[in-house]
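Here's a quick look at two parts of this fold. Have the sequence and the structure open as you read.

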Amino acid sequence: MSRPLYRGFSSGGRGSGGAGLDSFDMSYQTKEIGENGFGYELMNPAGTNRARQNLIFTILKLGLVVFIVVALSGSLYWAISISTSSPSSIYHGYRRLQEQVVSDLMEIGELSLGISRLKELEFCPPEYENYAPCYNNVSENFDLADPLVPIEYERKCVPDTEMHCLILPPRNYRIPLRWPSGRDFIWKENVKITGQEFSSGSLTKRMMVEEEQISFRSGSLMVDGVEDYTHQIAEMIGLRNESNFIEAGVRTVLDIGCGFGSFGAHLFSKQLLTMCIATYEVSGSQVQLTLERGIPAMIGSFSSRQLPYPYLSFDMLHCARCGIEWEKNNGIFLVEVDRLLRPGGYFVWTSQINTHRSLRDKENQKKWSIIHEFAENLCWDMLSQQEETIVWKKTSRRKCYSSRKAGPAICGRSLDVESPYYQPLNPCIAGMRSPRWIPIEHRTPWPSRARLNSTELDIYGVHSEDFAEDAASWSSAVHSYWSLLSPLIFSDHPKRPGDEDPSPPFNMLRNVLDMNAHFGGFNAALLDAGKSVWVMNVVPANGPNYLPLIFDRGFIGVQHDWCEAFPAYPRTYDMVHAEGLLSLETHQKDRCSILDIFLEIDRILRPEVHNIFFLVELILCAG
C-alpha cells in the first residue's frame, strides 16, 4: 500500500535528491574559454570525452523540451474532452485527467530527481482523503479517533519515506457552489463529518444538516445570531454599527477557534477580511468547513509556538468560546495576542466564564481576576462588558509600558523578531521598536490603504518606482488571464459545461493562493478588477520577506516553507498562483524537489478542470 508524501526539511534521501540535481546541473557549467574561442579541455583526450558527454546531455535537454510539449498537449486534450462532457461524467473525466498528470509528473520527476530515485506515483488509499501532513500520521486506525475528545495536534514536519501518492477526492465529491451561495450552503460529502458529532449536538448549534447539504444561514455559536453579535461588538467599541468598523481603522481580523466561519462571513460583507485559525481536527474541522464556504482559514494553534504572522498585523483578534485558557502559562497566550495586535487594536473575548452567574464560582473568579490583571499589565483598556463578551483595546501610547509597575518585559533586540516562523512562544512584548508601530486610527483607511505612498514604502525598504511597476505588471497580467484563458477558469464566464444558466455574479473562483506573493500585487490587481475572491498571500521562508507590507496594505497572508506541507486540508483552493516560486526553489541547494512542490499543489487544489490548466502553466514557467 502506498503512503502519502510527508513534506519536511531536506535531509537524508531527500538531500541526496537535491545533490543529484546539482551534479546534473554542474555538468553543464561553461568551460573556461581560450583566446581562440575553444575550451582548454579540447586539447587533451579527457577533454574530448567530456565534449562528447556534453553533446549527449544537450540532446537529453532537447528531448526534455520535446517531452514537455507532448505532455502538455496530452493534458490539454484531456481537459478539452472533459469540458465537453455531461455533468455526470465530469468526475470520471477528472480522474482520467489526474492520471494523465501523474504520468507527466513521473517523467518530469525522473529527469529532475535522477532515475535512481524515480518511483511510480500512485493514488493514496481512501483513508487519506482529508490528510493534512505535519499534523497527523495517518494509520489504519485513523477513523477510530473519538471526535468528542479534543486533541491538540502540534505542527511537526518530519521527512517521511520516499513514497509519493496523489490524494483523490471522496467518491461523491461535488464541485462547491458558487460564491456567494457557497457561503451559506456546502455539499455534505465534500467534508468529513461523522454521525457521532451530530448526535452530540456540538455542531448542530452552528449549522443545519440536510440530506445533501449543510446550511449555515442561521449557523452561529452566539444565541442571538452573528449579525446581532457583530452589532453588539460595534456598539461596545463605541460605533453605531458594524458598518463603521472600517472608519474605526479595523480591516484585518484574526478569528481564533472560529467555529465554521460565520463571524468572518458576515464581516466580509462589511469589507473586513477575517482569517480563521483552529487546530487540526480529524473530523468536523473548523478550518476545512470554513474554507469550503469560501472564507479564509488555516490550521494554527496557540499551544506552544508563535503563529507565522508578523507582529503588529491584525486590527482585531476575536475569541468566542475558543477553548483557550488565557490564565495559564503566566499569560503567555495573551502576550501572543498582544504581539499580533496593532496599537489601538481590539481583543474581543466571549466566554461563559464572564457571566455574573459563572463568576459566583470562586475558581472562575480567580481565573477572571488573573486575566483581567494581566490585560492591564499589557496596557490594554477594558472598553466594555456585556454578559459573555468583553472588549479590550491595546494602548496607542508607548509611554504606557514605561509607567507599568508589573507585567511582561519589552523584548530585547535578539527576541524582537518581526516575522517568526513557528518559533516558541515569547513571554515579552514585541514590536515596540518597529517603525510599523502605528495606531490603527492613524492608518490610511481601507481601501486607500492598499496603495502605499513613498513614505510608507520606505519603512519596508521598497522604492516607489518598483512598487508602481509591480502594480502595473499585475494589472496587465490579470487582464490577460481573464481574456486569454479558458472560460472554465474564471468568474466572468457564465457557466460550466452542462450547467444551467446561473444567476449573477457567476463567481467560479473564490479561494486563491499566491505561493510567492512578493508585494501582494496579484491580490491588489484581482480586487482592482472587481473579482469576488480572497487571496492567501504566501511569502516563502527562503525568500525576501514582504509579509509585513502585505498585511499593512489590508491583505492577509502567511510565511511558509514550501518544502513543508501547507497548513490546510486537501481540496481547499480554487486557484494556485506561483510566479517566480520554482526559480526561487530550484536555485536553493539541499532543498526538496520540484515534484514534491507539485504534489503539494495537487493536494490543496479543488478537483476542477481549471486547476489542471494552472498546473500546466506552472510547468511552462519551470521551463
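**What H6 packs against**

The buried side of helix H6 sits against helix H7 (262–268) and strands S9 (314–320), S10 (341–350), S11 (380–386) and S12 (389–394); contact here means heavy atoms within 4.5 Å. The residues doing this are Val226, Tyr229, Thr230, Gln232, Ile233, Ala234, Met236 and Ile237, all buried (under 20% relative accessible area, 1.4 Å probe, protein chains only). Helices and strands are DSSP runs, H or I of at least four residues and E of at least two, numbered from the N terminus.

This is a predicted model: local features need pLDDT of at least 70 and side-chain atom pairs 80 or more, while totals for chains, interfaces and linings use all residues. Numbering starts from 1 along each chain as its sequence is written, and side-chain values use heavy atoms, leaving out hydrogens and water.

**H6 from end to end**

**The four-stranded sheet**

Further along, there's an open sheet with parallel pairing, ordered S15-S14-S13-S16; strands pair if DSSP finds at least two bridges between them. Its edges are S15 (556–560) and S16 (575–577), each pairing on one side only. From one strand to the next, the twist averages 20°.

S13 (511–514) and S16 run parallel, joined by three bridges, and Val512 stands opposite Met575 in S16. Helix H14 (521–528) lies across S13, S14 (534–540) and S16, at about 165° to S14. Such angles run from 0 to 180 degrees between N-to-C directions, with axes fitted to C-alpha atoms, for helices over the stretch in contact.

Methods:
Buried < 20%, exposed > 50% of the residue type's maximum accessible area, 1.4 Å probe, protein only.
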